[in-house]
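User: Please show me the model, and let us then read its features one at a time.

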Amino acid sequence: MTEVRTRFAPAPSGSLHVGNARTGLFSWAHARHHGSAFILRIEDTDASRVTEEAVHGVMDSLRWLGIDWDEGPDVGGPHAPYRQSQRLDLYRETTERLLSQGDAYPCYCTEAELEERRRSAMARGEPPPNDRCRDLTAGERAAFEAEGRPHAVRFRMPEREWVTNDLVKGEVRWAPGHLKDFVLLRSDGTPVFLLAVAVDDLVMGVTHVIRGDDLLDSAPRNAAVIQALGGTPPEYAHVPQVMGADGKPLSKRHGSTSVEAFREQGFLPEALMNYLALLGWSKDAETTFLSRDELIEAFDVSRVSKNPARFDVDKLEWMNNHYIQRLDDDDLAARCLHFLSVAGLSPEPGTLRAAMPIVKERMKHLTESVGLLRFLFSDDVEPDERATAEIAKAPEGYLKAVADALAELEPWTTEAIHARLDEVAGAFELNRRKGFAPVRAATTGSTISPPLPESLELLGRDRTVDRLQGLG
RNA sequence: GGUCCCAUCGUCUAGUGGCCUAGGACACCACCCUCUCAAGGUGGAGACACGGGUUCAAAUCCCGUAGGGAUCACCA
């Protein structure tokens, strides 16, 4: 059995959105499933669109999700460097070789000329013509050179039928003449993606390329370059795109779709990974929850769906809540701490940890811990509108009576508080619902909170009584 | 427009000719539980785009139609 080598090659323009992340996840899962090397390569041949932060942002997002790599820009490897912008010499040398072999040729057309020919061909309903520079005579070439015209380098795409056996799409064919010559090297000497990808996949010994299906038409071009270089093309698996809820490709108007944004909203990486794994892939008819290891164990790229999937935030949130509920209290508290701090709160560790059992099934996002627990970690509890109304509805002297009853309560436990609250409510002929509501409003400032007795136990007797008396 | 890809509940999907009066999950509805909000439990509604074939038999195979997506850059 031959060695498997898989890579993920994101272009770091902007942040990593969940669609790309899913492609990366599939690539990674495929590599890990085969116990083989996973390579991270940064596709930054178009230097103008890349920033250093973007490169790190991509790596941070992947790592946060739980995706690791054996070779990459930061960890190095036998084929370093792993950023295409640092491999320019290799691409130029390769271009020279292709040129001398006759598999590529200089093209002197200007962008305006190209654009014009493209437009008129499209207007006539014909495919764009192949490049006129394809068969320039030595004389014509010399004339252009004499003019001082800059030239790009084009690959001479063999005019034959191309067939790829895609791991997810199956057999795909392109009839002769449908794949045009394409630019390998821009006139400024920088390489284009089609060259860089082919060269790197070949040189790095990549055996499996899992990428978005927007690159399906690139497969035969990549393969053609690799063949011209005497290599064997890798296996390709083109996975469908991830769409927004409206069925349109993910874009800015779908809001924040970056992995970073989900992280900031308080999603758990294990939940996002699980959700993404099931977006366009399934283990079987039943499986809904997969740990990282179970995903690795079960992943099979040939079971990836062929049609595009919509990103469903509702389901992600449901899954996030599921994972939050299953976290142990110390872990959950540590994760919530970050969001509470960001909100300006400084939770006492013991109280925070003790509060986890009563909030975990109430959070879809970790950020919700702020609203649920603010009353514990801040004495600035200004009742909101509904809470104020609830307090106003309480019978004359009720909150005062509750305060007095709780002031001397011993022991200060959930059970005792619960019983005492019921007693006072009963004395005022209030049912539990009506009896608890104003107390909740006065002590938490809200009509929504974790269970009241538990909340008050955590709040402590003094603060509870203070808040009740403060409102008479 | 040319070329390529796709097609099962609102959404993600199971399904590879008989196991399907189409299964699961999210969302939705009802009920139960209940101090609010959740969580949880039980039940319900809900799909094979359409039209032709092939076959004893089709969600599954073939061909059309109407859809959706991709691509046709000196972006990746």
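User: Which residue of E9 stands opposite Val 209?

Analyst: Strands of a sheet pair through backbone hydrogen bonds, either parallel or antiparallel. In this predicted model, Val 209 faces Tyr 236 of E9. The two belong to E8 (residues 208-212) and E9, parallel strands joined by five bridges. Strands pair if DSSP finds at least two bridges between them; strands (E, at least two residues) and helices (H or I, at least four) are DSSP runs numbered from the N terminus.

User: What conventions apply to the numbering and the values?

Analyst: Residues are numbered from 1 along each chain as its sequence is written, and chains are lettered from A and ligands numbered from 1 in the order in which they are written. Because this is a predicted model, local features need pLDDT of at least 70 and side-chain atom pairs count only at pLDDT 80 or more, whereas totals for chains, interfaces and linings use all residues; side-chain values use heavy atoms, with hydrogens and water left out.

User: In what order do the four strands of the open sheet containing E8 lie?

Analyst: The order is E2-E1-E8-E9, with parallel pairing. E2 and E9 (235-239) are the edge strands, each pairing on one side only. From one strand to the next, the twist averages 25°. Angles run from 0 to 180 degrees between N-to-C directions, and axes are lines fitted to C-alpha atoms, for helices over the stretch in contact.

User: Which strands does helix H1 touch as it packs on this sheet?

Analyst: Contact means heavy atoms within 4.5 Å. H1 (residues 18-33) touches E1 (5-8), E2, E8 and E9, and its direction makes about 165° with that of E1. Helix H7 (residues 218-228) also packs on the sheet, touching E8 and E9, at about 160° to the direction of E9.

User: How many residues connect E5 to E6 in their hairpin?

Analyst: The hairpin passes through three residues. E5 (residues 162-166) and E6 run antiparallel, joined by five bridges, with Val 163 opposite Arg 173 in E6.

User: How many residues surround RNA strand B?

Analyst: A residue is near a strand if one of its heavy atoms lies within 4 Å of it. There are 62 such residues around RNA strand B, the closest being Arg 118, Arg 186, Glu 361, Arg 362 and Arg 432. By class, 25 are nonpolar, 12 polar and 25 charged. Here Ala, Val, Leu, Ile, Met, Phe, Trp, Tyr, Cys and Pro count as nonpolar, Asp, Glu, Lys and Arg as charged, and the others, Gly among them, as polar. H11 gives the most to this surface, with five residues; the elements that supply at least two residues each include H4 (111-123), E6 (170-174) and H18 (432-444).

User: What share of the RNA atoms within 4 Å of the protein belongs to sugar or phosphate?

Analyst: The share is 73%, and the rest belong to bases. At the sugar or linking oxygens, an N or O atom in the side chain of Lys 169 is 2.9 Å away from one, while a polar side-chain atom of Asp 217 lies 3.4 Å from one. Arg 440 instead places a polar side-chain atom 2.5 Å from a base oxygen.

User: How many salt bridges does the structure hold?

Analyst: A salt bridge is a side-chain nitrogen of Lys or Arg within 4 Å of a carboxyl oxygen of Asp or Glu. The structure holds 34. One of them joins Asp 200 and Arg 41, whose closest N and O atoms are 3.8 Å apart. This pair links distant parts of the chain, 159 residues apart: Asp 200 is in H6 (residues 193-203), and Arg 41 is in the loop between E2 (37-40) and H2 (52-65).

User: Where in the chain is Pro 81, which a cis peptide bond joins to Ala 80?

Analyst: Pro 81 lies in the loop between H2 and H3, and omega of the bond is about 0°. The bond from Glu 410 to Pro 411 is cis as well, with omega near -5°; Pro 411 is in the loop between H16 (398-407) and H17 (414-427). In the loop between H17 and H18, Glu 429 has a positive phi of about 55° although it is not a glycine.

Definitions and conventions:
A polar contact is a pair of N or O atoms within 3.5 Å; within protein, one must be able to donate a hydrogen and the other to accept it, and residues adjacent in sequence count only if both atoms are side-chain atoms.
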